[in-house]
Each structure stands twice: as C-alpha cells, then as structure tokens.
Amino acid sequence: MKASKFSDAQKAFILKQGAEGMPVAEICRKAGISQATYFNWKKKYDGMTPPEMRRLKQLEDENGKLRKLVADLSLDREMLQDVIRRKI
C-alpha cells in the first residue's frame, strides 16, 4: 500500500476542521485531497489523536503479519497431513 503524504497530525488537523463546521469541499480543496479521501479518513480516524492513529497503524501492520503467519502455518499443516495420509 502506498504511504500517505500526510502525517497523522495533518490528518487530525484536517478532520478537526470538519468537526468545527468548515465545509468539506473547502477543506478538501485547501488540503489537496478528494472528498472520498476525507470521508475515508473520517470513518477510520475520527476522534483519534495522532499517537492513537500511529498505534492503530502499528496494530494493523502486526495483524497483517500474524494473518500471513497463520496462513503459512495452516498450509504447512495441510501439506504434512496430506503426506501422512498418503503413507497410510
């Protein structure tokens, strides 16, 4: 996935402007983002502080690594069971 050119603090500031009542179209124009990006950020990060946003990213990365590990181990287990079945 492509890294964002916006820091967590910038994202939080952009979302805070929306919470303060600034029109979304104006926020997006000033920040140089699409409205879809704004609403995706809002859905994911609304109400979070930059440290919380960083922690969420770390947990998502760790979760992805763990899912990959479980998939690899499950595949290994299937292959071993298949070998055992063929020997019997």
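**Helix packing, core and salt bridges**

Helices α1 and α3 are roughly perpendicular to each other, a label given to angles of 65 to 115 degrees, whereas angles under 35 degrees count as roughly parallel, those over 145 as roughly antiparallel and the rest as oblique. The structure is a predicted model, in which local features need pLDDT of at least 70 and side-chain atom pairs count only at pLDDT 80 or more, while totals for chains, interfaces and linings use all residues. Residues are numbered from 1 along each chain as its sequence is written, and side-chain values rest on heavy atoms, with hydrogens and water left out.

Helix α3 covers residues 35-45, and α1 packs against α3 at an angle of about 95 degrees with the two axes 10 Å apart; here an axis is a line fitted to C-alpha atoms, for helices over the stretch in contact, and an angle runs from 0 to 180 degrees between N-to-C directions. On the α1 side the meeting residues are K11, I14, L15 and G18, and on the α3 side they are Y38, W41, K42 and Y45, where contact means heavy atoms within 4.5 Å. The residues of this contact divide into five nonpolar, one polar and two charged, with Ala, Val, Leu, Ile, Met, Phe, Trp, Tyr, Cys and Pro counted as nonpolar, Asp, Glu, Lys and Arg as charged, and the others, Gly among them, as polar.

Helix α3 also has a partner in α2, since these two pack at an angle of about 105 degrees with their axes 9 Å apart, and that makes α2 roughly perpendicular to α3. In this contact V24, A25, I27 and C28 of α2 meet Q35, Y38 and F39 of α3, and the residues taking part divide into six nonpolar, one polar and no charged.

From these contacts one can turn to the interior. In soluble globular proteins, nonpolar side chains tend to be buried together. The largest nonpolar core of this model has 11 residues, namely F6, A12, I14, L15, I27, C28, I33, Y38, W41, Y45 and M53; such a core is a set of buried Ala, Val, Leu, Ile, Met, Phe, Trp, Tyr and Cys residues joined through side-chain atoms within 4.5 Å. Helices α1, α2 (24-31) and α3 each supply at least two residues of this core. F6 is in contact with K11, I14, A31, I33 and W41, once its neighbours within four places in sequence are left aside. Q17, whose place is in helix α1, is buried at a relative accessible area of 17%, where buried means under 20%, exposed over 50% and partly exposed in between (1.4 Å probe, protein chains only). Not counting residues up to four places away in sequence, Q17 touches M22 and I27.

Side chains of opposite charge can pair when their charged atoms come close. The structure holds seven salt bridges, each a side-chain nitrogen of Lys or Arg within 4 Å of a carboxyl oxygen of Asp or Glu. In one of them D8 pairs with K57, with the closest N and O atoms 2.7 Å apart; D8 lies in helix α1 (residues 8-19) and K57 in helix α4 (residues 50-87), so the pair ties together parts that are 49 residues apart in sequence. D8 is buried at a relative accessible area of 7%, whereas K57 is partly exposed at 28%.

Another salt bridge joins R86 to D82, the closest N and O atoms being 3.2 Å apart. Both R86 and D82 lie in helix α4, four residues apart, or about one turn of the helix; R86 is exposed, with a relative accessible area of 68%, and D82 is partly exposed at 30%. Elsewhere, salt bridges that share partners join D8, R54 and K57 into one network. R54 lies in helix α4 and counts as partly exposed at 44% relative accessibility, and the C-alpha atoms of R54 and D8 are separated by 7.1 Å although the two residues are 46 apart along the chain.
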